[in-house]
Amino acid sequence: MADISKRLEHGLDRLRYEFSERLETIDRYYRGRHAGPYMPRNANHEYKLLARRAIHNWLPWIVAAPLQNLQVSGYRPSSGKGDAIWDIWQANRLDSRQRMVHEGALVFGNAYVTVAESPDGPKVTPVAATRLWAAYEDPVADEFPLYAVQVFKDPETLSEDRARYFDNRGITELAKVRGDWVTTSYRPHRFGVTPVVRFAPQMDLLGRSVGLVEPLIPITDRINQTWFDLLIAQTYGSFKVRYATGMAPPPMIDPITGQPMTDPDSGDIIYRPVEFDPSRVLVAEDPDTKFGELSETPLAGFLSSLETSVQHMAAVSQTPPHYLLGTMANLSADALAAAESAHMRKVESLKQVFGESWESVLRLCAKAAGNNRLAKDTKAQIVWADTGSRSLAQTADAFGKLVQMVDVPPRALWDKLPGFTQTDIDRFNEEADKAKAEAAKNPPPGPDHLGTFLGGKPPQNAPGVANANNAGNARK
């Protein structure tokens, strides 16, 4: 217990440090709670209102661009069928919950999935990087951590009152009692490794992983500052100001006394406000009166600066600019493909990284289910859904050519059909196997030992028949 206590406190300290130094800021920015733009210290409530309106959150769109292309649709073992593993996937509702894992990894740079044994089958649980910390001997080479610490907060007090410790022997539940961690339960497992898998989209050789949000925080602040400056210019200087000099406005006349009205406090004469209206004509009796106007502040520079900053954000995140700006007109198919080429390369890279992590998760599930063959299958592959814009007719035509011209087995292409899930593919295989079994039970008619055909009249191209006809024709 002493070793667990030290590891638990170390893991919680690291988790608090990561949260206070990085993860809290990333979470705030992703949810739109940005640092306000710069404004004068003596700014009034109008400035503060415009500062709040200047916050524009582009970050969810940056994350959504690759996230919408990451959808696991099947599992392909190196040999045999993977129906049992896919049933575990479906039982844990991972068709929808996988999005949480991918989103957390893209936002924070890390996300985790834990696997536990239960009477109802393996239990797969996604965990955010703000709630779990894992220790690795070699964070780059190790598939599973040495140990991991997960913290739970009280929903009312938000205090860390419960924790879970994972290692290669079991899962320990702990609770804080009078300031000390006390073990409440212990569940041994048969995985042989710590059943925690990390999803890290971009990892370097030092084991550091950065998500999509953190590098874009400075650009986001710059965009918000430009929005604020634009709103200030639009509010106070985007219209023409007309002026008149050398002309005193007429006083307001009391309708009862006929005398000019005065302010009751200061005694000053109250003048009638000059109304500028397209239907009015300004006339002055004094020949020294001059009329003029002050031009409005042009906004084109602010708009150009905004567009440049958004394009910079798109370039840094490898997001097609038209995803954010909507500037797509008269683009050919080749131009559109070129605009999205960097984005698709990023998506393919994420599929490779996340695919390896999901394979580790499913091997743990196979181990928990007692399927040692699939638990040791390191050649199994995750099948990703085809999210391209190709139609089913185009795909079927291309796959038909692969079958006819390259001799690719038709079944090998079933899991690549767009819009079909692993459940659909399994049904295709069942129907094909059923049809094959029926064909084996009822073989087609064939020739008997006398040379005649079972079932009556022989086919036109039956062996021997054509030769007989040809011989008869030759005699004629």
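Two strands pair if DSSP finds at least two bridges between them. The legends below rest on that term and describe a predicted model.

Figure 1. The predicted chain has 476 residues, of which 35% count as buried. Its secondary structure consists of 14 helices and 12 strands. If contacts between residues at least 6 apart in sequence are taken, 62% of them join residues at least 24 apart. The accessible surface comes to about 28,700 Å², and carbon and sulfur atoms account for 54% of that area.

**Figure 2. An open antiparallel sheet of 5 strands.** The order of the strands in this sheet is E4-E5-E6-E7-E8, and their pairing is antiparallel. Strand E4 (132-135) and strand E8 (180-188) stand at the edges; each has a single partner strand, so one side of each is left without a neighbour in the sheet. On average, neighbouring strands of this sheet are turned by 20 degrees against each other, direction ignored. In general, the strands of a sheet pair through backbone hydrogen bonds, and the pairing is either parallel or antiparallel.

Figure 3. Strand E5 (residues 147-153) pairs with E6 in the antiparallel sense over 6 bridges. Strand E6 is mostly covered, as 5 of its 7 residues are buried.

**Figure 4. Helix H5 and the glycine that follows.** Helix H5 (residues 94-108) has 15 residues. From its first C-alpha to its last, H5 reaches 20 Å, close to the 21 Å expected at 1.5 Å a residue. The buried residues of H5 include Leu 94, Arg 97, Gln 98, Val 101 and His 102. Also buried in H5 are Gly 104, Ala 105, Leu 106, Val 107 and Phe 108. Gly 109 follows H5 and has a positive phi, near 95 degrees.

Figure 5. A search of the whole structure finds 8 aromatic pairs. In one of these pairs, Trp 86 and Trp 89 are stacked, at 5.2 Å centre to centre and with 10 degrees between the planes. Trp 86 and Trp 89 are 3 residues apart in helix H4 (residues 83-91), so about one helical turn separates them. An α-helix has 3.6 residues a turn, so residues three or four places apart point the same way. Trp 86 is buried, with a relative accessible area of 3%, and Trp 89 is buried, with a relative accessible area of 0%.

**Figure 6. An edge-to-face pair between a strand and a helix.** The ring centres of Phe 199 and Trp 358 are 4.8 Å apart and the planes stand at 65 degrees, so the pair is edge-to-face. Phe 199 lies in strand E9 (residues 196-199) and Trp 358 in helix H10 (residues 341-368), so the pair ties together parts that are 159 residues apart in sequence. Both Phe 199 and Trp 358 are buried. Together, Trp 86, Trp 89, Phe 199, Phe 354 and Trp 358 form one aromatic cluster.

Conventions
Residues are numbered from 1 along each chain as its sequence is written. This is a predicted model: local features need pLDDT of at least 70, side-chain atom pairs count only at pLDDT 80 or more; totals for chains, interfaces and linings use all residues. Side-chain values use heavy atoms; hydrogens and water are left out. Helices (H or I, at least four residues) and strands (E, at least two) are DSSP runs, numbered from the N terminus. Buried means under 20% relative accessible area, exposed over 50%, partly exposed in between (1.4 Å probe, protein chains only). Contact means heavy atoms within 4.5 Å. Accessible areas come from the Shrake-Rupley method with a 1.4 Å probe; for residues, only the protein chains shown count as cover. Axes are lines fitted to C-alpha atoms, for helices over the stretch in contact, and angles run from 0 to 180 degrees between N-to-C directions. The expected span of a helix is 1.5 Å times one less than its number of residues. Rings of Phe, Tyr and Trp (its six-membered ring) pair if their centres lie within 6.5 Å; planes under 30 degrees apart count as stacked, over 60 as edge-to-face and the rest as tilted.
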